[in-house]
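Here's a quick briefing to read with the model open. Take a look, then work through the points by topic.

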Amino acid sequence: MTVPDTSPSRTPEPRGQIVREGITVGIATGAYGISFGALSVAAGFDVLQTCALSLLVFTGASQFALIGVVASGGAPLSGAATALLLGLRNGLYGLRLGPLLGWHGPRRAAAAHLVIDESTAMTVNRSPGTEARTGFLATGLAVLLFWNLATLGGALAGRSLGDPQTYGLDAAVGAAFLALLWPRLRDRVNQVTAVLAVFVALVLVPVTTVGFPVLAAGLVAVLVGLVTTRPEGTGIPGPDDRASDGRRES
Amino acid sequence: MWTAVLVAGVGCYLIKLAGLSVPPRVLEQPLVERIADLLPVALLSALIGVQVLTTGHELTIDARLAGLAAAVVALLLRAPFIVVVAVAAGTAAVLRLLA
């Protein structure tokens, strides 16, 4: 059960560079953690619950979704359902990462927690085995560390602010979602999906339980997926980059 | 609240573990991939709409929409995540202060 570390090895230079890249990504992601901590407290979660979310859920978009639904008055459990739907993409990341990492048993169980956007992006372009594992662990552990530290800091800062509306924190949640979504809006199919999803959700808001419109908008993804045939990727770093490689068997 | 935290935590972990454990070809169908790929786009878009344009069961337009517009400008200027969020919050806060 030896875990690759930063000590010199037969290939010190690449490994050191991979680890440094991972740490850089981890620090950059920490900024999201500060916003998450502050917004989660503003949404009505206490500091402990906020930290538990970052530690246990540990996938940013799902966490923002959960607190977003709760902030707009939805039932916490429909927030959790939205979080799970958003978390499905991590399962697809896992499909790509499994063969690259080649871990089994307890190691795979431990590694699973680190399967997120960032660690996937830093792993899929590396060669299977040591390189992929180093990229995965360095990025995953760095993000885990900085994301949780930043969440605690943001939660404590958010708690001392008082009424979140005074600081426009309710407006910040929508902006956070938009920033997460932004890189994908270059793609035409994604644009159509986004517009339809907003429309469906807003039409349902007056007539359904709070929290349901967002889940219903997920059906837009199913419908658009059924009617489009799209060979190219979506421009987001991640599993799509390798989609064509994966289909080479005839 | 705690129930939601734990459900989301355990569920998201199991999804990750399932992905790592399943033989790749079982789920690697173009349709499944495409839908799973579009799902975050649809959900995040809907969340933006609900978050910015509704209060309870009503559609409303207020300072939040101005905050979102400011966020768009910040994104077009390639501002980092935390700046985008701060610009949106600041815009809404200033507008409410003036109102």
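A:Glu21 counts as partly exposed because it has 16 C-beta neighbours inside 10 Å (20 or more other C-beta atoms within 10 Å of a residue's own make it buried, 12 or fewer make it exposed, and in between is partly exposed, with C-beta atoms placed from the backbone). Keep in mind that this is a predicted model: local features need pLDDT of at least 70, side-chain atom pairs count only at pLDDT 80 or more, and totals for chains, interfaces and linings use all residues. Residues are numbered from 1 along each chain as its sequence is written, while chains are lettered from A and ligands numbered from 1 in the order in which they are written.

**Around A:Glu21**
- You'll find A:Glu21 in helix H1 of chain A, residues 12–43 (helices are DSSP runs of H or I with at least four residues, strands are E runs with at least two, and both are numbered from the N terminus).
- A:Glu21 and A:Gly94 sit 73 residues apart along the chain, and their C-alpha atoms are 21 Å apart.

**Where chain A meets chain B**
- On chain A, 87 residues are in contact with 67 residues of chain B (contact: C-beta atoms, placed from the backbone, within 7 Å).
- Helix H4 of chain A (residues 76–101) gives the most to chain A's side, with 21 residues.
- That side of chain A splits into 56 nonpolar, 25 polar and 6 charged residues (nonpolar: Ala, Val, Leu, Ile, Met, Phe, Trp, Tyr, Cys and Pro; charged: Asp, Glu, Lys and Arg; polar: the others, Gly among them).

**Domains of chain A**
- Chain A is assigned domain 1 (12–186) and domain 2 (188–232), with bounds from an automatic or database domain assignment.
- Taken over C-alpha atoms, the centres of these domains are 23 Å apart.
- Between them, 12 residues of domain 1 are in contact with 9 residues of domain 2.
- H4(A) supplies the largest share of the domain 1 side, 5 residues.
- By class, that domain 1 side has 5 nonpolar, 6 polar and 1 charged residues.

**Chain B on its own**
- Chain B has 5 helices and 2 strands, running α-α-α-β-β-α-α along the sequence.
- Its radius of gyration is 19 Å, well over the 13 Å that the globule rule gives for 99 residues, so chain B is more spread out than a compact globule (radius taken over C-alpha atoms; the rule is 2.2 Å times the number of residues to the power 0.38).
- The C-alpha trace of chain B spans about 60 × 35 × 25 Å along its principal axes.
- Of chain B's 99 residues, 48% count as buried.

Key. Two residues are in contact if their C-beta atoms, placed from the backbone, lie within 7 Å.
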